[in-house]
Amino acid sequence: MGNLKHTIKTAAVSSVITASAVLSVCGIVLGSSADAQNLFNTDVNGDGKTDIMDLNIVKNVVLNNENNGAAVTESEDSDRIASYTAVLNYYYQAYNDPIELSEFGSNWLTPRISENKAENFEKTGYAFRDLNGDGTPELIIGEIEDTKDNTGSIPGIVYSYSKEKNEIIEVFESWNRNRNILLSDNSIVNIGSNGVSSSVLGHFVLESGTCSKKYKSFVFSEPKGDKIVYYTNTTGEYDPEKSETIENYDFEKAADELLASKGKVEFKPLSEYKKSKPLNAAAFSGDIKVSAFFRLFDDAGRNTVFTATEDISSVVLYDITDIKFNDEGSIMEYTSVPIYKVPELKAGESLAAGLEYGDVLPCNSICFVDSNGVMRYYVITQSGFDGSVILNEEGLF
């Protein structure tokens with residue numbers, strides 16, 4: 001597709017109404033005299049027992065609240081999660097497809113995809129960790145040094161998200177001659193070298209909010225005649241005139257002392273990125289544990305049930321609109337309008353929704369954050385062969 005454009009709009013729609021809330025609003029025992037096809041056999045309250053719910057009453061309660069003006073808003077962290085997901089998509093693609101590495105992080109990534117690509121792919125991980133103490137985690141891409149527990153101590157590439165600017169901040173990256181090692185207190189040691197006579201040993205923390213480097217110490221060396229002279233400051237500047245000279249400095253000893261409190265990052269392997277299937281979809285049938293309903297049909301079998309296979313959050317259903325084609329008939333642009341949101345679905349819980357399926361083009365999609373903190377987006381379609389529900393993570397193709 002190449003330049004497929006996907007726009008997500010906001011919309012005023014219904015607030016989340018759970019099955020338990022429906023029972024509370026109705027104030028009655030449901031299912032005593034309803035038509036059999038309009039009964040849901042569900043475990044509403046999670047007690048392990050099947051409850052009978054009258055679909056007509058549930059449908060009416062939900063529909064009567066559809067236009068109450070409550071907006072489906074993204075969570076406070078949705079922009080950050082979406083931005084980090086886009087970054088992870090880029091690095092995952094770099095290992096799987098030939099792309100030009102011209103962006104931030106290419107110094108760390110290029111040698112890893114140039115040689116021993118498959119091996120390095122398995123050793124590359126990602127993690128979310130608050131390095132500057134502002135309550136918002138940074139995204140760390142790094143090397144898995146211990147494959148037994150998928151841990152490492154060298155952040156290869158670090159991004160931060162600025163809530164004020166609503167954008168990604170490129171914090172720092174490592175490469176062969178410029179390593180950044182994480183310590184147990186979330187401070188970072190930088191060891192760099194341009195040769196025997198030119199070395200750097202920095203110890204810094206990331207400032208809250210900005211992720212600017214605040215140096216506890218910064219030592220660098222330069223040749224002076226037949227000697228190597230070491231300088232120190234706390235600004236991180238390579239400027240002898242703004243630094244003090246250090247006599248009899250033991251670079252290796254100083255580095256070892258700092259690295260004695262080396263920390264660990266628990267990485268998730270990039271090779272397993274998005275390989276999980278956190279959500280299943282099927283036409284309604286049998287007993288389900290329902291957490292929420294939306295826009296249900298009278299005919300229970302026409303409704304689609306989404307069941308979480310792991311804990312997921314910020315689940316949003318969308319209507320797909322404004323599909324545009326190019327001269328060749330390929331989809332080039334479409335818009336997703338949010339219509340319903342569920343704060344979370346625990347593993348095994350379900351969302352039931354009455355969705356229309358077009359003859360050719362999809363009408364709905366669903367988005368959520370998986371248990372790894374990654375945003376997942378699926379287009380919902382129906383098989384033309386057996387009518388089964390299909391979740392397509394590749395979008396509209």
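Biologist: What do the buried residues of α4 pack against in this predicted model?

Modeller: The buried residues of α4 pack against α3 (78-96), α5 (117-123), β4 (124-129), β5 (138-143), β7 (155-162) and β8.

Biologist: Which residues of helix α4 are those, and what makes them one face of the helix?

Modeller: In helix α4 (residues 106-114), the buried ones are S106, W108, L109, R112 and I113. Looking down the axis of α4, they fall within an arc of 155°, so they line one face of the helix.

Biologist: Then which backbone nitrogens lie 3.3 Å from a polar atom of the side chain of E173?

Modeller: One is the backbone nitrogen of N107, at 3.3 Å, and another is that of W108, also at 3.3 Å. Residues that E173 touches include F104, G156 and N180.

Biologist: Let's move to strand β22 (residues 350-353), where S350 has its place. Why is S350 called buried?

Modeller: Buried means under 20% relative accessible area. S350 has 2%, so it counts as buried.

Biologist: And what makes the pairing of the S350 and T307 side chains a polar contact?

Modeller: The cut-off for N or O atoms is within 3.5 Å. The side chains of S350 and T307 make their polar contact at 2.7 Å.

Notes:
Residues numbered from 1 in each chain as written. Predicted model: local features only at pLDDT ≥ 70, side-chain atom pairs only at ≥ 80, totals over all residues. Heavy atoms only, no water. Polar contact = N/O pair within 3.5 Å; in protein donor to acceptor, adjacent residues only side chain to side chain. Contact = heavy atoms within 4.5 Å. Buried < 20%, exposed > 50% of the residue type's maximum accessible area, 1.4 Å probe, protein only. Helix = DSSP H or I, 4+ residues; strand = E, 2+ residues; numbered from the N terminus. Arc of directions from axis to C-beta. Lists of a residue's contacts leave out its neighbours within four places in sequence.
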